[in-house]
Amino acid sequence: MRRVLPRLLWLVLPAAAVFAQSLSFPEGLTPFQINAVEVDHADSVHLRLWGERFDGSEVPLFSGPGVPLRGGFLCYAYLDDEIRLLLGESESSSGERAHFSAEVRRSEFRISVYGFPGSLEGRSPWHGARTEEELGPGDIYVLSRQSDPSAIIAAGIHVLTPYIHSVELQDPRNPWRGYLFSVSDLDARTIAQALESRREEIIAFKQRYKNLPVSLGFHGPRVPREDPLIFPASPPVTIARSLQEQTFRDRVGPPYRYALLVFSFLSIIAVTLIRKWKILLPLVGILLTAFVVFTLAVPGRVRGLRIELALPTSPEDSSGRTVTLESMSQPAENTVRYRQTDIPPGSWRLVYRSFLAPGGEVPLKLFTDDPWVRFNQIPEVRQRHGSLFLKFRNPLSAWSLHGP
Amino acid sequence: MDRNRSILFLVAGILSCAFPLLSASWELNPLVIRAGWLVLGCLIGLGTPFQPQELLLLAMLLTPGLFTSLIVHADLSTYQSYISVFRVMLILGLYAALSGLIELSKSTTLRILLRFGLILVVPLLFLLGLERASPLVSIALAALAWATLLFLRSLRNRA
């Protein structure tokens, strides 16, 4: 027994440490967002995360060593609403592999309230915000001083105050402006009652914002146009598809195009004119070496498209008006930019971005701040030399909302 | 190099470079691209087996087009694309060695049959296994085929 017990412990304790690994989600798990995932207690040198869909298919979500944290590692994963299970594998420095999984339980729908006098803990869906910057469209600003709230309302944030009763701030024609709620007092009970009485309306408002980028597609019909920047009665997806086709018609790009043309032209002349192997082979070899050196020294550049559109005048009808765009591109810039000319000042914008990148990779930070982002595919987050990238099949396209 | 073969090489080089430029908006599976270039190389060697210097020239002519196509149509990185090109060229080397072995046969009918068989077998071998296997397997197979060919040729010359 004396011999067996230490051996058993020696076997069981490391195993317990390995199986104690777990996944946690500091900000919850939200579909259509880049989610932070913590792998706790992992002696890991490499992490892999993948998602299992309802139909049983698997999709890679993360690959890399992870960002070190106290007692664990941080990684990232983008989810859509069809992933039901998050699976992971970590490899330790000794080569041991541990597997773990977590059911994807959607985090609670939260509405942030700034300026609430007291605690909102346990009062779902209300959630106390510490700063004004945390507020997004559909959230609540408790205005405890006499000041003009029109900029806040234009940004889609509801204002709750006892000081203003003006109906002019409301605009029934614009469904994206926040509401002005007049309350008699600023004590916690009165505000909580006001919130509860408009609960359904407030939730529906925020859901409408969220659903806007999430419900948009990527494959609209082709519409013939006379002016390349005027889209008569066109929904956002048609505008995006049309401009994307125009921008990314050529996937090769100028550097490789010219390198290939120069190589083929010179090698054709060489093969046509030279008959001696001793001259022909070294010459074509030099041409090929020059091509290889060029491609290694001048890697392809990321090319992008960005279109900023106003939110549709009504959530149901987004195709009834003519959209006029202006080009915002700067010379020698890799990204082609367009902006709708009549975006109301101070309002949120619907943004379409598309990338054509060599090796199908763009930095993750381009998307980490977006509250709701819908990609045309599920990109995998990859970590190389400490930097995080999204790995995808070209082109990567995304709809998202951007603040004023 | 005889005239017909040089014309074939020119056509292959032009096709290889023109394809990525003319189909710049397409998205293709990397396997299809690699198999396409391999079949093109095998078809050029259908008539007479490649001499080593011919094989080298053909590989150099096909490399830029194949590389660009893998980058543009299949989104591979520069490193991955060159590894893929290297694999395809190794299999082309294997094909050249096997077709050289076939030429050692004395029966004309058998030679013709085997040549056509090889056109099917080598790309199939590539698609079914060599494409996923380590490049070392391709290197070993090509080296073995060439060593056998050179050994048999030397035996024949002695006889």
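Visitor: Which residues are buried in α6(B)?
Guide: This is a predicted model, where local features need pLDDT of at least 70, side-chain atom pairs count only at pLDDT 80 or more, and totals for chains, interfaces and linings use all residues. Residues are numbered from 1 along each chain as its sequence is written, while chains are lettered from A and ligands numbered from 1 in the order in which they are written. A residue is buried if 20 or more other C-beta atoms lie within 10 Å of its own, exposed if 12 or fewer, and partly exposed in between, with C-beta atoms placed from the backbone. In α6(B), the buried ones are B:Ser138, B:Ala142 and B:Leu149.

Visitor: How far does α6(B) reach from its first C-alpha to its last?
Guide: α6(B) covers residues 135-158, which makes 24 residues. The expected span is 1.5 Å times one less than the number of residues.

Visitor: Is B:Leu43 buried or exposed?
Guide: B:Leu43 sits in helix α2 (residues 30-44) of chain B. B:Leu43 has 12 other C-beta atoms within 10 Å, so it is exposed.

Visitor: What separates the C-alpha atoms of B:Val11 and B:Ile44?
Guide: B:Val11 belongs to helix α1 (residues 3-22) of chain B, and with 12 C-beta neighbours inside 10 Å it counts as exposed. B:Ile44 is 33 residues away along the chain, and the two C-alpha atoms are separated by 9.7 Å.

Visitor: Over to chain A. What is its radius of gyration?
Guide: Chain A has seven helices and 23 strands. The radius of gyration is taken over C-alpha atoms, and the globule rule is 2.2 Å times the number of residues to the power 0.38. For 404 residues the rule gives 22 Å; chain A is well over that, so it is more spread out than a compact globule, with a radius of gyration of 27 Å.

Visitor: How far apart are the C-alpha centres of domain 2 and domain 4 of chain A?
Guide: Domain bounds come from an automatic or database domain assignment. For chain A that gives domain 1 (4-103), domain 2 (111-215), domain 3 (230-250 + 301-402) and domain 4 (254-297). The C-alpha centres of domain 2 and domain 4 lie apart by 66 Å.

Visitor: Which strands stand at the edges of the five-strand open sheet in chain A?
Guide: Two strands pair if DSSP finds at least two bridges between them. The sheet runs β10-β9-β11-β12-β13, with parallel pairing. Two strands each have a single partner, so one side of each is left without a neighbour in the sheet: β10 (126-129) and β13 (180-182).

Visitor: What does the twist average from one strand to the next in that sheet?
Guide: Axes are lines fitted to C-alpha atoms, for helices over the stretch in contact, and angles run from 0 to 180 degrees between N-to-C directions. From strand to strand, the twist averages 25 degrees.

Visitor: Which residue of β13(A) stands opposite A:Leu160?
Guide: β12(A) (residues 158-161) pairs with β13(A) in the parallel sense over three bridges. Both faces of β12(A) are covered, with A:His158 and A:Leu160 buried on one side and A:Val159 and A:Thr161 buried on the other. In β13(A), A:Val159 has A:Leu180 as its bridge partner, and opposite A:Leu160 stands A:Phe181.

Visitor: In the seven-strand sheet, what is the bridge partner of A:Leu87 in β8(A)?
Guide: This open sheet has the order β8-β7-β3-β4-β21-β22-β19, with mixed pairing. Strand β7 (residues 83-91) and β8(A) run antiparallel, joined by seven bridges. In β8(A), A:Leu87 is partnered by A:Ser101.

Visitor: What is the omega of the cis peptide bond from A:Asn394 to A:Pro395?
Guide: A:Pro395 lies in the loop between β22 (387-391) and β23 (396-402) of chain A. The bond from A:Asn394 is cis, with omega near -10 degrees.

How values were computed
Helix = DSSP H or I, 4+ residues; strand = E, 2+ residues; numbered from the N terminus.
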